[in-house]
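I opened a notebook on this structure to look up a few things about its ligand and its fold. My entries follow in the order in which I made them.

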Amino acid sequence: MSHATAFPGSPAPARATAAVAARATDLSKVYGRDETRVVALDSVSVEFGKARFTAIMGPSGSGKSTLMHCMAGLDSISGGSARIGDVELASLGDKQLTRLRRDKIGFIFQAFNLLPTLTALENITLPMDIAGRKPDQQWLNNVIETVGLSGRLTHRPAQLSGGQQQRVAVARALAAQPEIIFADEPTGNLDSRSGAEVLGFLRESVRAMDQTVVMVTHDPVAAGYADRVIFLADGRIVEELHEPTADAVLDRMRLFDAKGRTS
Ligand SMILES: Nc1ncnc2c1ncn2[C@@H]1O[C@H](COP(=O)(O)OP(=O)(O)OP(=O)(O)O)[C@@H](O)[C@H]1O
Ligand SMILES: [Mg+2]
């Protein structure tokens with residue numbers, strides 16, 4: 001069995017299949033207190049396998065972004081545990097957490113979080129520049145070309161459309177080849193063609209490069225690119241699909257909508 005080598009020079013060695021890139025165990029997150037108290041995550045247990053592409057779906061407010069933020073060490077947790085590899089995030093000090101995020105995690109935010117004073121290219125390479133790492137030029141070129149930014153590298157975010165800014169954010173996460181990428185609706189601002197390209201690229205980076213990707217999406221077609229879909233509702237995992245098709249995801253979403261209306 002051999003993978004298509006979309007990324008020349010990048011070996012795709014056989015890996016132990018059961019390796020886990022990130023893991024939540026009885027993870028809880030509570031915001032506020034008394035009358036403003038919100039249980040955003042209610043004892044969530046889930047594993048994100050290495051070199052797997054996982055989609056997270058669920059209604060607005062179900063806890064999708066919160067789960068990603070807690071797993072990426074961007075938000076504290078209220079109970080249980082969040083681990084990247086074998087590292088328990090709650091056990092890390094601020095400096096160690098910053099280093100772990102910088103070296104091992106790529107995050108694509110729902111809002112793109114680009115630095116306004118830097119060009120597109122500078123934004124893309126920023127995490128590596130901070131870490132003092134040189135980008136793999138061939139990989140960087142491949143990423144930039146795939147997200148269609150070759151002609152916009154010297155533009156600043158204010159000079160880019162929303163879709164282009166999102167593509168910079170996607171390229172930034174991919175460029176450093178982190179151990180795990182968390183993407184919060186990475187195609188939410190893209191037209192369907194750019195969206196399909198980005199999704200295809202994410203999937204290919206999983207297949208050929210053993211990249212691990214966890215992606216929030218509302219779009220069944222986008223979820224169809226993943227190896228697995230997890231459905232959240234009210235801060236709990238309520239369903240899981242393997243090797244999903246867009247149709248299967250849509251069916252499942254309809255089922256939840258119907259349940260939601262009758263309960
Ligand atoms: N900083 C915060 N302070 C208080 N409550 C919060 C905060 N962030 C999120 N919440 C609450 O936690 C719950 C889960 O929010 P979250 O952003 O994870 O939802 P989501 O599934 O990502 O929704 P969407 O699809 O709209 O992005 C919501 O009820 C939200 O109001
Ligand atoms: Mg969200």
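Entry one, polar contacts of the ligand. I looked up the polar contacts of ligand 1, where a polar contact is a pair of N or O atoms within 3.5 Å; within protein, one must be able to donate a hydrogen and the other to accept it, and residues adjacent in sequence count only if both atoms are side-chain atoms. A polar backbone atom of glycine 63 is 3.0 Å from an oxygen atom of ligand 1. For serine 60, I found an N or O atom of the side chain 2.5 Å from an oxygen atom of ligand 1. Serine 65 has a polar side-chain atom 2.9 Å from an oxygen atom of ligand 1. The protein buries 62% of the 640 Å² that ligand 1 exposes when taken alone (Shrake-Rupley method, 1.4 Å probe; for residues, only the protein chains shown count as cover).

Note on the source. This is a predicted model, in which local features need pLDDT of at least 70 and side-chain atom pairs count only at pLDDT 80 or more, while totals for chains, interfaces and linings use all residues. Residues are numbered from 1 along each chain as its sequence is written, chains are lettered from A and ligands numbered from 1 in the order in which they are written, and side-chain values use heavy atoms, with hydrogens and water left out.

Entry two, the shell. I counted as near any residue with a heavy atom within 4 Å. Around ligand 1 there are 13 residues, and Ser60, Gly61, Lys64, Ser65 and Thr66 come nearest. Which element gives the most to this shell? Helix H1 does, with 3 residues. Strand S2 (38-49) and H1 (64-71) each supply at least two; helices (H or I, at least four residues) and strands (E, at least two) are DSSP runs, numbered from the N terminus.

The protein chain has 8 helices and 10 strands. Its C-alpha trace spans about 50 × 45 × 40 Å along the principal axes. I noted that 44% of the 263 residues count as buried, meaning under 20% relative accessible area (1.4 Å probe, protein chains only). The accessible surface comes to about 13000 Å², and carbon and sulfur atoms hold 49% of it.

Ala120, Asn123, Ile124, Thr125 and Met128 are the buried residues of H3 (residues 120-131). These pack against helix H4 (137-146) and helix H5 (162-175), with contact meaning heavy atoms within 4.5 Å.

Notes:
Buried means under 20% relative accessible area, exposed over 50%, partly exposed in between (1.4 Å probe, protein chains only).
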